[in-house]
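Here are some notes for a first look at this structure. Please read them with the model open.

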Amino acid sequence: MQKNLRKRDLYLNRIIAFQDTEMVKVMTGIRRCGKSSLMKLMAEHLRDTGVTDEQIIEMNFESMSIPDMDARGFYEYVKARICPGKRTYLFFDEVQKVHGWENAVNSFRVDFDCDIYITGSNAYLLSSELSTYLSGRYVEIKVLPLSFQEFLEFHGYTLTERKSPAGGIRKKITDAEGETYDVSELFDTYARFGGMPMLADIGLEIDRVTAALDGVYSAAVINDILEREKRKGQRNITDPVLLRKIILFLADNIGNNTSATSIGNTLVNEGLLENGTRKTKPAVQTIQAYIEALVEAYIFYEIKRFDVKGKEYLRTLGKYYIVDIGLRNYLLGYRDGDSGHILENIIYFELLRRGYDVAIGKIDNQEVDFIATRAEEKKYIQVTESMNAPETRERELAPLRKIRDSYEKIVIALECDFTQTQDGIKMIRALDFLLG
């Protein structure tokens, strides 16, 4: 096992579930979220289960050790290294750097006895072109930065639980030296610096974290947005200043209802797009193209609104959440406040990690933060900083009370002095949910 290659069993088990099937395993996610390490972990898993080194071909197209090649060169390079008479396992990291790679990957699948794993940092990888070439023969494993639980493990903390005399569960966190830490103290650190895996190697010192997150941001914007435009042969994203303004706006408005029109209006009204003495407002289509580029680069995730009574998705006013809260703090400055939206952002991605599809719920003129569904399961979830004040409790419970079906209804709160069920609605402490 390579040094610093830490286990991420949530994702590794998802990959292993598709091992030796004809499906191409596609790992997607923002730069530096751990896709390359997962590929190495999968290769180690194969070796541990009897697969020989000659059966494993690993190519990282970000590395200078891999020569520049087109699709034909890529095909011939792999063909020359296929293990005769045995299944060969092919690992291609950032494969979209090869022009026409889809042709080559499809040919490997057709021509050789092989099992294929690829990564990419832009959703363009899974565009209709790839779907056409592989005609449904791929599975996407969506990789996210560390959960709070993974954050503790990566940074060397151990979580133990014991029953308290009152009958509840007490959580205790210790480091390698046996020093004890308060769970909420470490959650504050997570909410400040985020869950990018490489922070476990450099430590949680603010200057180092800022430099590392600057590298993530630059790589995502330059390689996965500006370069993507060149690959597509389009020039929609031509103004890096406008791109940054939109990134800052979305980062500052996580969890708020947002549209391309409202972004354009705000940027003009706040004087953020001044050109000399003249204010110019970009077209709605332009702003929308920039937002789509940010979503394709996995920097922001869009969440749609769902009408609970009408049972349909609404086309207006979705919300955006940023993939890593540390990235948001790097962009906006490490400031206090807005902890409600930060918690909401963290809970949203935790639901995605657990395999839920997530929407915003609309019921009459009120809103439910999240409707989380998977298979036959559905949960209605409110997220709030505190449930201790009676007026806050009433505000958070009111929309859930209006929902007449029998699916689970939950309020997740950072501060919650009492967790009994009320009107069939469960109240859960956020740290219990995140560490559950």
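1. Start with helix α10 and helix α12 (residues 284-296). Their axes lie 10 Å apart, and the two helices pack at an angle of about 70°. Angles of 65 to 115 degrees count as roughly perpendicular, and α10 and α12 are therefore roughly perpendicular to each other. The crossing of α10 past α12 is right-handed. Bear in mind that this is a predicted model.

2. Which residues make this contact? From α10 come Leu242, Leu243, Ile246, Ile247 and Leu250. They meet Thr286, Ile287, Tyr290, Ile291 and Leu294 of α12. By class, nine residues of the contact are nonpolar, one is polar and none is charged.

3. Now turn to α10 (residues 240-252) and helix α11 (residues 260-269). Their axes come within 11 Å and cross at roughly 105°. That makes α10 roughly perpendicular to α11.

4. In this second contact, α10 supplies Leu242, Lys245, Ile246, Phe249 and Leu250. The partners in α11 are Ile263, Thr266 and Leu267. Six residues of the contact of α10 with α11 are nonpolar, one is polar and one is charged.

5. Look next at the strands. Three of them form an open sheet, ordered β6-β7-β8, with antiparallel pairing. β6 (158-163) and β8 (180-181) are at the edges with a single partner strand each, so one side of each has no neighbour in the sheet.

6. How is β6 joined to β7 (residues 169-174), and by how many bridges? Six bridges link the two strands, which run antiparallel.

Notes. Residues are numbered from 1 along each chain as its sequence is written. This is a predicted model: local features need pLDDT of at least 70, side-chain atom pairs count only at pLDDT 80 or more; totals for chains, interfaces and linings use all residues. Side-chain values use heavy atoms; hydrogens and water are left out. Axes are lines fitted to C-alpha atoms, for helices over the stretch in contact, and angles run from 0 to 180 degrees between N-to-C directions. Helices (H or I, at least four residues) and strands (E, at least two) are DSSP runs, numbered from the N terminus. Angles under 35 degrees count as roughly parallel, over 145 as roughly antiparallel, 65 to 115 as roughly perpendicular and the rest as oblique. Contact means heavy atoms within 4.5 Å. Ala, Val, Leu, Ile, Met, Phe, Trp, Tyr, Cys and Pro count as nonpolar, Asp, Glu, Lys and Arg as charged, and the others, Gly among them, as polar. Two strands pair if DSSP finds at least two bridges between them. A crossing is left-handed if the near helix is turned anticlockwise from the far one by less than a right angle, and right-handed if clockwise.
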